Amino acid sequence: MAQQARAIKTRQNIIRTADRIILTQGYHHLTMRGIAREAEIGIASIYHHFDNKDQIMRATLEARAARVMEQI
């Protein structure tokens, strides 16, 4: 159970970090290494959750859409 909660937190951290990088630097500056550095996690952790940065971008957009829907 604790391992699953940790995995969820890591995934959320990756998404939040990617969102922050996209907003401040743009999509073209989004890299797996950059996300790992900013999120203070190993790059392998990112690849455990996502195959590539396009999947991260999709997850970021889905998270934003969910936040918008919560406010409606």
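The model is a predicted one, and residue numbers count from 1 along the chain.

Start with the pair α1 and α2. Helix α1 covers residues 2-25 and helix α2 covers residues 32-39. Their axes come within 9 Å and cross at roughly 110 degrees, which makes α1 roughly perpendicular to α2, given that angles of 65 to 115 degrees fall in that class. The crossing of α1 past α2 is right-handed. On the α1 side, the residues in contact are N13, I14, T17, A18, R20 and I21, and they meet G34, I35, E38 and A39 of α2. Sorted by class, this contact holds five nonpolar, three polar and two charged residues.

Now for α1 and α4. Here the axes come within 9 Å and cross at roughly 90 degrees, so α1 also sits roughly perpendicular to α4. From α1, R11, I14, I15, A18, D19, I22 and L23 take part, meeting I56, M57, A59, T60, A63, R64 and R67 of α4. The class breakdown for this contact is nine nonpolar, one polar and four charged residues. I14 and A18 turn up in the contact with α2 and in the contact with α4.

E62 counts as exposed because its relative accessibility is 54%, and the cut-off for exposed is over 50%. Along the chain, E62 and K9 are 53 residues apart, and their C-alpha atoms are separated by 16 Å.

How values were computed. Predicted model: local features only at pLDDT ≥ 70, side-chain atom pairs only at ≥ 80, totals over all residues. Heavy atoms only, no water. Buried < 20%, exposed > 50% of the residue type's maximum accessible area, 1.4 Å probe, protein only. Axes fitted to C-alpha atoms, helices over the stretch in contact; angles between N-to-C directions. Helix = DSSP H or I, 4+ residues; strand = E, 2+ residues; numbered from the N terminus. Parallel < 35°, antiparallel > 145°, perpendicular 65-115°, else oblique. Left-handed = near helix turned anticlockwise from the far one by under 90°. Contact = heavy atoms within 4.5 Å. Nonpolar A, V, L, I, M, F, W, Y, C, P; charged D, E, K, R; others polar.
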